[in-house]
Amino acid sequence: MNGDDGVTEAGVSIAGGLKAAYALAWRACPGMLLLQLVTAVIGGMAPVGAAWLTKLALDEITVPSPRTGALVWTAAGLGALGIAMAATSAVRDYAQGRARRAIGLRSQDRLFAAVNRMSGLARLEEPRFHDRLRLAQQSAEHGPDQLVQMGLSTLQGILGVAGFLGTLVAISPLMTGAALAAAAPALIAHLTLSRRRAGLLWRTSPGMRRKIFYQMLLTDLQAAKEVRLFGLGGFLHGRMLTELRATNDAEDRLERGVVRVQVALAVLGALLSAGGLLWAVYAAATRTISVGDVSVFIASLAGLQSGLGVLVQGIAMGHQSALVFHHYLTVVGVRDDLPAPSRPRELAPLARSIELRDVWFRYGEDSPWVLRGLNLTIPHGTSLAVVGLNGAGKSTLVKLLCRFYDPQRGSVLWDGVDIRDVPVAELRQRIGAVFQDYMDYDLTAAENIGLGDLEAIDDPDRIRAAAERAGIHETVERLPDGYRTMLSRVFHAGEEDDDEETARASGVHLSGGQWQRLALARGLMRRGRDLMILDEPSSGLDAVAEAAVHDRLRELRSGSTSVLVSHRLSAVRRADRIVVVRDGQVLESGDHASLLASPGSVYAELFRTQAEGYQEDPAGGDESAPGGSGVAATMTAG
Ligand SMILES: Nc1ncnc2c1ncn2[C@@H]1O[C@H](COP(=O)(O)OP(=O)(O)OP(=O)(O)O)[C@@H](O)[C@H]1O
C-alpha cells in the first residue's frame, strides 16, 4: 500500500489525526470538550490520592496508639474522593454523549459538503474513491470522537501512571523498572496490530462493497423482477456469502494473532504482579517497609499495570482510528475534479451560439476515445437533434455541454467563452435537462417535480404548470393525496405516525412511463433557461403519450435553444438541424428534408429502416411513413 491509495504512507500519524480530531471537536462543542478534560484530570489523579490515603490510614492503624483525629480525616478524605470519582464518571458520560453527537454531526456535515464540492462525475466513477468514501463515512460517524476519547484517556492514563510511578520509585526502583520494561513490548505489539487492522479494513473494502451490492440486489424492488424471473436469488446469495466469508477469514487470521499477543502480555503482567507481591510481603515481614507501604505498593503496581495497559491500548486504538480517519481527512480535503477557473468570467445569457470545437474526449487514460475532434455549433434559438447508433457518443456530448467532464482536447464555447472559464454552478443554472437515466426520487410527487428548480419547490402553481406540460398532471391529481402523495414503497408519508395502516396506504409506486413524465416535468421546471437538453425524454412513454409530449416539447422548444437526443426519428424530424454522430464525430448535418435527399445519407438509411418497421407491406413502403405524421407512425408502433 502506498501513494494515494495507501493507508500507511508517511504523514499518517496519531499526532496528525489527533490534531485534526481535536480541532473538529473544539469547533463542534468546546464546552463539552473542556468538561471532559476536567473529568479526565480528576479521573487520573483520584486513584493515586486514594492509594496514598489508604496507606496513611493503614500506617496510623498499625502504630501502637493510633490518633483518632488523623484516622477520621483520612477516612473523610477517602469518602470525598469516592464521591468525586462517582460524580466525575457520571458527568463524563454525559459530556461524552453530547460531544459524540456534536462531533458526529460536524464531521458528517464536512464529509458530505466535500462530496458536494466535486462538481464533475469522474471522481464518483473511480472504484478506489468509493472504497475511500466508504471508510471515510465509517470514520466520520465515530472516528474523530474515538480519537478525542483516546487523547483524553491517554491524559488520564498519563496522570495516573505518573502518580503511581512516583510512588513505586519511592518504594522499589527495581519493580518500577520491571513494570515499565513490560509495557514496551506491549506498546509495540498493539501498534503493530492496529496497523494490521487498519490495513485489513482497506484491503477488505472492495469485497465489502461487492457484498453490499449483492445484498442490495437481493432486497431492491427494481431488481426483484429479474432476480425472481431468472432465479438469481441463490446465485446472488452465494456470491454475497463468498464475499462475506473472504472478509471473515481475513479477520479471523488477524484475531488469532491478537489472541496470541494478548495471552503473552497477560502472562507477563501476571508474573510481574506475583513477583512484586512476593517481594512486598517479604519486605514487610523483614520490617523493611510498613504495612501501609505494602498496601500502597500493591495498589501502585496494579494501578501502574492497568494504567500502562489502558494507555498502550488507547494509543494503539488511536493509531488505528487515525489510520482510518486518514481516509476521512483525504476525502474532506479532496479537490474538485473539475478545476475552478483562476479568473472566473461571468456567463451572460446565450446570445449567439454554443460551439464544440475540435473536442476530444475519453473517460479514462486507458479508455478508447469517445469523441474524436468533434465540431458542432448550436445557434441561439434553434433546435438541434442528435442521432446515431448505440455507443456513438450522443450522451457523452450532452454531458460535456453540462460540464460533467472536461474534454482532454478542444473546448466547449458559450458565445465564444470557454465554459471552463466560468463557475460551473453558473453554467448549470442556465441549463434545463432531462437525462436518459433520470432519477426516481422517493419523495412526494410535488417534490419530484419541484427539485428541478429548488427556488420554486414550494410553488404549487409552477409545479402544476410543469406537470401539465409534461402531461402528468391528471395522473398526479388522481393519486391518493394528489401532489402530496409519497411516491415510494421504501418510505411513506406519515412514517412517523404510529398508525401503520395509514402509513402503508400512502406509499404509491408509479409506472415507468409515469416516472419518466415526472422527470420531464422536473426538467420543464427550468423552462426558459438558455439551453434545454432532452436526452431520450420519451423512451418509456406509450405511443399516445409520446406523440403528445413531443408535440408539446416542439412548442416549448420553438424559439429556444435546445438539444434533443433520440432514437425515434419521428421525434427529431422537425428539429431545425439534425446531426448524425458516428465514431465520435459529426458525420452528417442538415434538416430532415436535406438529409433524406442526400445520396448515401446514413440518416436517410436509419430513417428508412425505422419506417419499414411501420409498414404493413414493406414492398410498398413510403419513405415518409414516420414523417407524414411522425407521431402517428410512432403511435402505430406503440
Ligand atoms: N461513465 C462512463 N465511463 C466509461 N465509459 C463510458 C461511460 N459512459 C459512456 N461510456 C462509453 O462511451 C461510449 C459512448 O457512450 P454514450 O452513452 O455517449 O453513447 P450514446 O450514443 O448516448 O449511446 P446510446 O444510444 O446507447 O444511449 C460507449 O462506448 C460507452 O461504453
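## Helices α7 and α8

Helix α7 covers residues 233–285 and helix α8 covers residues 291–332; their axes come within 10 Å and cross at roughly 170°. Axes here are lines fitted to C-alpha atoms, for helices over the stretch in contact, and angles run from 0 to 180 degrees between N-to-C directions. Helices (H or I, at least four residues) and strands (E, at least two) are DSSP runs, numbered from the N terminus.

On the α7 side the contact is made by Gly269, Leu272, Ser273, Gly276, Leu277, Ala280 and Ala284, and on the α8 side by Val291, Val294, Phe297, Ile298, Leu301 and Gln305. Two residues are in contact if their C-beta atoms, placed from the backbone, lie within 7 Å. By class, the contact of α7 with α8 has nine nonpolar, four polar and no charged residues. Ala, Val, Leu, Ile, Met, Phe, Trp, Tyr, Cys and Pro count as nonpolar, Asp, Glu, Lys and Arg as charged, and the others, Gly among them, as polar.

## Model and domains

This is a predicted model, in which local features need pLDDT of at least 70 and side-chain atom pairs count only at pLDDT 80 or more, while totals for chains, interfaces and linings use all residues. Residues are numbered from 1 along each chain as its sequence is written.

The chain is divided into domain 1 (12–332), domain 2 (344–430 + 529–638) and domain 3 (440–511). These bounds come from an automatic or database domain assignment. The centres of domain 1 and domain 2, taken over C-alpha atoms, are separated by 60 Å.

## Helix α1 against α8

Helix α8 also packs with helix α1 (residues 14–28), at an angle of about 70° and with the axes 8 Å apart. The two helices α1 and α8 are therefore roughly perpendicular to each other. Their crossing is left-handed, meaning that the near helix is turned anticlockwise from the far one by less than a right angle; if clockwise, a crossing is right-handed.

From α1, the residues Ile14, Gly17, Leu18, Ala20 and Ala21 meet Ile315, Gly318, His319, Ser321, Ala322, Phe325, His326 and Leu329 in α8. This contact of α1 with α8 divides into eight nonpolar, five polar and no charged residues.

## Helices α2 and α4

Helix α2 (residues 30–62) and helix α4 (residues 127–171) have axes that come within 8 Å and cross at roughly 20°. That makes α2 roughly parallel to α4. The crossing of α2 and α4 is right-handed.

Residues of α2 in the contact include Gly43, Gly44, Met45 and Pro47, and those of α4 include Gly157, Gly160, Gly163 and Phe164. The residues of the contact of α2 with α4 comprise eleven nonpolar, eight polar and no charged.

## The four-stranded sheet

An open sheet of four strands runs in the order β2-β1-β4-β5, with antiparallel pairing. Two strands pair if DSSP finds at least two bridges between them. The edge strands, β2 (371–379) and β5 (417–418), each pair on one side only.

Strand β1 (residues 353–361) is joined to strand β4 (residues 409–414) by five bridges, and the two run antiparallel. The bridge partner of Trp360 in β4 is Arg409. Helix α9 (residues 394–401) lies across β1, β2 and β4, and runs at about 120° to β1.

## The six-stranded sheet

A second open sheet, of six strands, has the order β6-β7-β8-β3-β9-β10 and mixed pairing. At its edges stand β6 (431–434) and β10, each with a single partner strand, so one side of each is left without a neighbour in the sheet. From one strand to the next the twist averages 20°. Helix α9 packs on this sheet too, touching β3 (383–387), β7 (531–535), β8 (561–565) and β9, with its direction at about 150° to that of β8. Helix α19 (residues 602–612) touches β3, β9 and β10, and its direction makes about 95° with that of β9.

Strand β9 (residues 577–582) and strand β10 (residues 585–590) pair in the antiparallel sense over five bridges. Val579 stands opposite Ser589 in β10, and Val581 stands opposite Val586. The hairpin of β9 and β10 has two residues between the strands, and Asp583 takes a positive phi near 50° there.

Methods
Angles under 35 degrees count as roughly parallel, over 145 as roughly antiparallel, 65 to 115 as roughly perpendicular and the rest as oblique.
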